[in-house]
Amino acid sequence: MPDKEEFVVTPYEVRGKIDYNRLREQFGTQEITPELLARFQSLAGGSLSPLLARGIYYSHRDLGTLLEGWAKGTPFFLYSGRGPSGPLHTSHLVQFELCRWIQERFHVPMYIQITDDEKFWARAGLSREEITRWGLENLYDILALGFDPKLTRVFFDSRSIAALYPLAIRVARKIPYSTVKAVFGFDPSTNIGLVFYTALQTVPCFWPSWAEGRSVPCLIPCGVDQDPHFRVTRDIAEGLGYPKPALVHSQMIPALSGEGAMSTTGGPGDGALFLNDPPTAIDRKIRNAFTGGRATVEEQRRLGATPEICSIWALWRTRFAETQAKFEEVTAGCRSGSLLCGECKSSLLERIHPFLRAHAEARERAKTWAESAIVTEAPRPI
Ligand code: SF4
């Protein structure tokens, strides 16, 4: 029997089959409407990221206000982050690919936070050395997406603490323990690092305003599971004299197993396509992936398949259908039964392998400027 507990979405747990409309109501966020998308497209110079056009980003907070501010001459900046616990998989790229797309179109600064502190506090069994190593490896992968070195800065928490802490002090004083306890479900055994951590995740939202001594709006593309962090941020923003950050939320990308979201947690099994997977592993994972196909070829030809439940279709949807026409062709072929799962997977593999090869090359280039992007000093004393 369906009940209100059939799915759970928090920064620390994603479970069950997510009803995104109901989640939007639960979180109190707004739908990204066709009108808002059209406005985004027009301000972006006429094109739209596939991540927006295909509905992967489906919900927002104050995106319309931010875009109208931009149209009237108020610049904004981008902020997103990564908690390093292992290699990145393709779903991790969703938030950063939208950031890169926006940076290219709007020529705005991008701040990336590598939350090595939070990952250490949240994940028992990972050493500081491992997390630091993954932090750098993940950073190379993120920068390799094509961020502009002149417009991109990194807060690597344990190394950037001198830059973050003066503002974190002010932020932390505004957040009562009862708030983080209620929002994140902390209990008496939660370590005090996590209790403090939401202050550090808030700081980049205000850092450019603090650094420049004027109000600079922030836009955060993130998975919808990260929204609770920024609800806390938005609640305290005006009390500190800073604008509330705007957010756009992506849906969770399904695991190749068909169960739950693609995730690093639980070890690098066959549920996720990792960026450092060898080609043979990629082939195996795609060949074994859960699909929305029928039991037999004859049935699929006659009845068609179901793209919405298919982990392969989810990959086409993110980036591997290079045009909207290709995406519609795959979707229509799947539904009609003219496309069979084997050929669909082969066609997808023909795109995944070159993507990963090009990414590996871009990653080497990113290493040449990653260190120089890390912020280590506060802009000025408070
Ligand atoms: S044809 Fe492709 S998209 Fe459709 S169910 Fe099969 S693998 Fe998935």
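Colleague: Which residue in strand 7 does Gln113 stand opposite?

Modeller: In this predicted model, strand 6 covers residues 110–114 and pairs with strand 7 in the parallel sense over five bridges. Strand 7 spans residues 152–156. The residue that stands opposite Gln113 there is Phe155.

Colleague: Which are the edge strands of the open sheet?

Modeller: Seven strands form this sheet, in the order 3-4-9-8-5-6-7, with mixed pairing. An edge strand pairs on one side only. The two that do so are strand 3 (30–31) and strand 7 (152–156).

Colleague: In strand 9, which residue is the bridge partner of Tyr57?

Modeller: Strand 4 pairs with strand 3 in the antiparallel sense over two bridges, and there Gln30 has His60 of strand 4 as its bridge partner. Strand 4 also runs antiparallel to strand 9, joined by four bridges. In strand 9, Tyr57 is partnered by Ser250.

Colleague: How many of the five residues of strand 4 are buried?

Modeller: Strand 4 comprises residues 57–61, and helix 5 (residues 93–106) lies across strand 4 among other strands. Strand 4 is mostly covered. The number of its residues that are buried is four.

Colleague: Which helix gives the largest share of the shell around the ligand?

Modeller: The ligand is surrounded by 13 residues, and among the closest are Cys310, Cys334 and Cys341. Of the shell residues, nine are nonpolar, three polar and one charged. Two elements give two or more residues each, helix 14 (311–320) and helix 16 (341–373). The largest share, three residues, comes from helix 16.

Technical notes:
Residues numbered from 1 in each chain as written. Predicted model: local features only at pLDDT ≥ 70, side-chain atom pairs only at ≥ 80, totals over all residues. Pairing = 2+ DSSP bridges. Contact = placed C-beta atoms within 7 Å. Axes fitted to C-alpha atoms, helices over the stretch in contact; angles between N-to-C directions. Near = placed C-beta within 6 Å. Nonpolar A, V, L, I, M, F, W, Y, C, P; charged D, E, K, R; others polar. Buried ≥ 20, exposed ≤ 12 C-beta atoms within 10 Å, placed from the backbone.
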